[in-house]
Every structure is written in C-alpha cells, then in structure tokens.
Amino acid sequence: MGAKAFGNFGGSGRERARRRGQGQLEAQVLAALHHSPVPATAAWVQERLGGDLAYTTVMTILSRLHAKQAVTRERSGRAYVWTPAADEAGLAALRMRRVLDGEPDRDAVLTSFVSALSAHDEQLLRTLLDRDAADGPGPAESLPASDDPATAEEPHPAPAPGRHHPSDEARGG
C-alpha cells in the first residue's frame, strides 16, 4: 500500500540517528492526522510517518496530544481511532493559550504580545474584539474554561496599559 510519509525520516544513518524533539514528533503526528479523511489508528499514523518509529512511540505521542486536548479519541474494537481536535489555526491558538496559562504574570505577557503586534494585526485584533463585544457573551464565556476550581475562579486580566479602546466600555472595562 503506497503510504505518503510525513517528515524526512529517510536519508543517511546519521540523519536517522539524530533524535527528534517531542514538539517535532507531535507536529508530524498532527500533520498525518490532518491528512486522514477519517479517524485514524496509531498503526495508520505510524505507517504514514515512514515506519521508523515504534508503535509505542506513536501511541505515547498520541496520548500526550490527547492530554493536551489537541486530539480526540474513540474506541474502535480494542484500539482507539484518533482525530485532530481542531484545524491548524485552532491548534496554534490552543498552544498560545497554554503558554499564557503557564505564565505567572498574564498581564505582562499580554502587554508584551499586544505591543509587539504589527499595525495590521492590531487592527485585526480590534475588529475581532469589537465583533465579539457586539455579539455578547457566547457559551464559552458563560462557563468556566475548565473543571479545575483553581482556574475557574481566576479573575480576568486587566487591559494592557496604553491599549485602551472604546470597545472596552462595551465589555464593561
């Protein structure tokens, strides 16, 4: 069966011997899942990655991605079938939220991020925030982000200094 391999796993022994980082493997596994028209098994993913990874390694990566909520899984007989939880933009947004959640000073991180945006990106962000404010709170905003009581009780971060916008009043800020 002619499987399309994802990633450069061929080449010299020296290239194969180099250890790939966890992030690189996760990206390759996600790329394979995104190319599958249906939920895929770990064996299918292993085959698409060129076959030089052990089945247990592929399962470990899929399990880690599941713990990060980047993939979903369903039982299919004795195995699981795996599906990406979001498109590539959604997965990038998930990574951004996880980085933000891991930082002790959210205000400083958001301030630094917003102040480094290009004029185009800043305008796009303003447009999206204005549209969100006009639509009112959606289901995701009316429920805690997780079942963890510690994170459910966190206050919302204050607006970034120097970045006041008229839509802030619409959101109660």
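This is a predicted model: local features need pLDDT of at least 70, side-chain atom pairs count only at pLDDT 80 or more; totals for chains, interfaces and linings use all residues.

Biologist: For contacts between residues at least 6 apart in sequence, how many join residues at least 24 apart?

Modeller: That would be 54% of them.

Biologist: Let's talk about the inside. Which residues have the most contacts inside the largest nonpolar core?

Modeller: Val29, Leu33, Val45, Leu62 and Leu65, in a core of 20 residues. Helices α2 (22–34), α3 (42–48), α4 and α5 (88–101) each put in at least two residues. The largest share is from α2, with five residues.

Biologist: Pick Val29. What does Val29 touch?

Modeller: Leaving aside residues up to four places away in sequence, Val29 touches Val45, Leu49, Ile61, Leu62 and Leu65.

Biologist: α4 then. Which of the residues in α4 are buried?

Modeller: Val58, Ile61, Leu62 and Leu65 are buried there. Looking down the axis of α4, the buried residues fall within an arc of 100°, so they line one face of the helix.

Biologist: Why would residues three or four places apart point the same way?

Modeller: Because an α-helix has 3.6 residues a turn.

Biologist: And which exposed residues sit on the face of α4 turned away from the buried side?

Modeller: Thr56 and Ala67.

Biologist: How far apart are the end C-alpha atoms of α4, and what span should its residues give?

Modeller: The end C-alpha atoms are 18 Å apart. With 13 residues (55–67) at 1.5 Å a residue, α4 should span 18 Å, so the two agree.

Biologist: Switching to charges. How many salt bridges does the structure hold?

Modeller: Four. One of them joins Glu26 and Lys68, with the closest N and O atoms 3.0 Å apart.

Biologist: Where do Glu26 and Lys68 sit in the chain?

Modeller: Glu26 is in helix α2, whereas Lys68 is in the loop between α4 and β1 (71–76). They are 42 residues apart, so the pair links distant parts of the chain.

Biologist: Is Glu26 buried or exposed?

Modeller: Buried: Glu26 has 9% relative accessibility, and the cut-off for buried is under 20%.

Biologist: Besides Lys68, what does Glu26 touch?

Modeller: Ile61, Arg64 and Leu65, again not counting residues up to four places away in sequence.

Biologist: Which residue forms a salt bridge with Glu47?

Modeller: Arg48, with the closest N and O atoms 3.3 Å apart. Glu47 is partly exposed, with a relative accessible area of 33%, while Arg48 is buried, with 10%.

Biologist: What about Arg126 and Glu122, how far is it from N to O in their salt bridge?

Modeller: 2.7 Å. Arg126 and Glu122 both lie in helix α7 (residues 119–135), four residues apart, which is about one turn of the helix. Both Arg126 and Glu122 are buried.

Biologist: While we're on α7, what span should its residues give, and how far apart are the end C-alpha atoms?

Modeller: The 17 residues of α7 should span 24 Å at 1.5 Å a residue, and the end C-alpha atoms are 24 Å apart, so that agrees.

Biologist: Last one, which residue follows α7?

Modeller: Gly136, and its phi is positive, near 80°.

Key: Residues are numbered from 1 along each chain as its sequence is written. Side-chain values use heavy atoms; hydrogens and water are left out. The expected span of a helix is 1.5 Å times one less than its number of residues. Buried means under 20% relative accessible area, exposed over 50%, partly exposed in between (1.4 Å probe, protein chains only). The arc is that of the directions from the helix axis to the C-beta atoms. A nonpolar core is a set of buried Ala, Val, Leu, Ile, Met, Phe, Trp, Tyr and Cys residues joined through side-chain atoms within 4.5 Å. Contact means heavy atoms within 4.5 Å. A salt bridge is a side-chain nitrogen of Lys or Arg within 4 Å of a carboxyl oxygen of Asp or Glu.
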